[in-house]
Amino acid sequence: MLNDTVMDLIRGMLWVSLLLSGPVLLTALAVGLVIGLVQAVTSIQEQTLTFVPKIIAMALVLALLGGWMLRYLVSYTTELFSNLPAYGAL
């Protein structure tokens, strides 16, 4: 296999990983930031307070975007497997 092909496969894999995990991670970051600001303003320093809102927000994002994420991942995997003979021939 050529180095360019390997690098393209790795680049594609990293891009898909970033694209699929991004919405969930950004949601957790945003909710954590908002809860952290509320804790700082109210002087409540309870560490477990951010857990439940983060879980609820991430579950909501997964419920809303889960279908798109699954379709994108299936499309990527199908493309990868259909091109597998071409990769092996290099």
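**View 1. Ser 43 in the loop between H1 and H2.** Ser 43 is found in the loop that joins helices H1 and H2. The model shown is predicted: local features need pLDDT of at least 70, side-chain atom pairs count only at pLDDT 80 or more, and totals for chains, interfaces and linings use all residues. Residues are numbered from 1 along each chain as its sequence is written, and side-chain values use heavy atoms, with hydrogens and water left out. Helices (H or I, at least four residues) and strands (E, at least two) are DSSP runs, numbered from the N terminus. Ser 43 is not a glycine, yet its phi is positive, about 60°. Most residues other than glycine have a negative phi. With 60% relative accessibility, Ser 43 counts as exposed; the cut-offs are under 20% relative accessible area for buried, over 50% for exposed, and partly exposed in between (1.4 Å probe, protein chains only).

View 2. H1 covers residues 3-42, which is 40 residues. From first C-alpha to last it reaches 55 Å, close to the expected 58 Å, where the expected span is 1.5 Å times one less than the number of residues. At Gly 22 the helix bends by about 45°, and Pro 23 follows within four residues. The bend at a residue is the angle between axes fitted to the seven residues ending there and the seven starting there. Among the buried residues of H1 are Val 16, Leu 20, Gly 22, Val 24 and Ile 35. Their cover includes helix H2 (51-82) and helix H3 (84-88).

**View 3. The salt bridge between Arg 11 and Asp 8.** The structure holds 1 salt bridge, a term for a side-chain nitrogen of Lys or Arg within 4 Å of a carboxyl oxygen of Asp or Glu. The side chains of Arg 11 and Asp 8 form this bridge, at 2.8 Å from N to O. Both residues belong to H1, where they are 3 residues apart, or about one helical turn. An α-helix has 3.6 residues a turn, so residues three or four places apart point the same way. Arg 11 counts as exposed at 52% relative accessibility, while Asp 8 counts as partly exposed at 48%.

**View 4. Gln 39 and its contacts.** Gln 39 is part of helix H1. It is buried, with a relative accessible area of 10%. Neighbours within four places in sequence aside, Gln 39 is in contact with Ile 44, Gln 45, Glu 46, Leu 49 and Thr 50; contact means heavy atoms within 4.5 Å.

**View 5. The kink in helix H2.** H2 has a kink of about 60° centred on Leu 65. The buried residues of H2 are Ala 57, Val 61, Met 69 and Tyr 76. H1 is included in what covers them.

**View 6. The chain as a whole.** The protein chain has 3 helices and 0 strands. Its radius of gyration is 19 Å, well over the 12 Å that the globule rule gives for 90 residues, so the chain is more spread out than a compact globule. The radius is taken over C-alpha atoms, and the rule is 2.2 Å times the number of residues to the power 0.38. Along its principal axes the C-alpha trace spans about 65 × 25 × 15 Å. Buried residues make up 19% of the 90 residues.
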